[in-house]
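Thanks for coming, everyone. I'll walk you through one structure today. Please take a look at it first.

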Amino acid sequence: ALELLADTVPTAAAEAAAVLGKIEASERNHEVALAHFRTAIGWLTGLGQDRGAAQLWVDLGTELEELGEAEAARDAFRRAAVASGLNVRSWTGVRN
């Protein structure tokens, strides 16, 4: 159903996938939540709405942490910072 919505109103489909991800996360269905967050992120970034995907990267990272996937979680949090426009190098203390 979301795929059909994505063909006509992709932003609404991404928002719906994000809501489904949050519901699944609240019910501790981490794998299902991850799938919804990844779908929403893909649709938003495909539309050039990287800043809109920033919170979803945080949500994805949180779910990955719950599953014990620390490295993947850190990557998701880094992507959230980049998507939101933060200068990751200055934020992490990395210099040129």
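Where does Arg-28 lie? Arg-28 sits in the loop between helix 2 (10-26) and helix 3. I'll come back to that residue.

Some ground rules. This is a predicted model, in which local features need pLDDT of at least 70 and side-chain atom pairs count only at pLDDT 80 or more, while totals for chains, interfaces and linings use all residues. Residues are numbered from 1 along each chain as its sequence is written, and side-chain values use heavy atoms, with hydrogens and water left out.

Now the overview. The chain has six helices and zero strands. Along the sequence, that reads α-α-α-α-α-α. Helices here are DSSP runs (H or I, at least four residues), strands are E runs of at least two, and numbering starts at the N terminus.

The chain has 96 residues, and 33% of them count as buried. Buried means under 20% relative accessible area, exposed means over 50%, and partly exposed is in between, with a 1.4 Å probe and protein chains only. The chain exposes about 5800 Å². Carbon and sulfur atoms supply 53% of that area. Accessible areas come from the Shrake-Rupley method with a 1.4 Å probe; for residues, only the protein chains shown count as cover.

What about contacts along the chain? Take those between residues at least 6 apart in sequence: 38% of them join residues at least 24 apart. Contact means heavy atoms within 4.5 Å.

Next, the helix pairs. Helix 3 (residues 30-46) packs with helix 4 (residues 50-66) at an angle of about 160°, with axes 9 Å apart. So helix 3 is roughly antiparallel to helix 4. Angles under 35 degrees count as roughly parallel, over 145 as roughly antiparallel, 65 to 115 as roughly perpendicular, and the rest as oblique. The axes are lines fitted to C-alpha atoms, for helices over the stretch in contact, and angles run from 0 to 180 degrees between N-to-C directions.

Which residues make the contact? On helix 3 they include Leu-34, Phe-37 and Ile-41. On helix 4 they include Ala-53, Leu-56 and Trp-57. The contact residues divide into 11 nonpolar, three polar and five charged. Ala, Val, Leu, Ile, Met, Phe, Trp, Tyr, Cys and Pro count as nonpolar, Asp, Glu, Lys and Arg as charged, and the others, Gly among them, as polar.

Stay with helix 3 for a moment. Gly-42 is found there. Gly-42 is partly exposed, at a relative accessible area of 37%. Its C-alpha lies 8.5 Å from that of Ala-53, 11 residues apart along the chain.

On to the next pair. Helix 4 and helix 5 pack at about 165°, with axes 8 Å apart. That makes helix 4 roughly antiparallel to helix 5. Among the residues that meet are Trp-57 and Val-58 in helix 4, and Ala-76 and Phe-77 in helix 5. This contact divides into 11 nonpolar, two polar and four charged residues.

Asp-75 lies in helix 5 (residues 70-83). Asp-75 is partly exposed, at 29%. Asp-75 and Val-58 are 17 residues apart in sequence, and their C-alpha atoms are 9.9 Å apart.

Arg-28 has a positive phi of about 65°, although it is not a glycine. Most residues other than glycine have a negative phi. Is Arg-28 buried or exposed? At 56% relative accessibility, Arg-28 counts as exposed.
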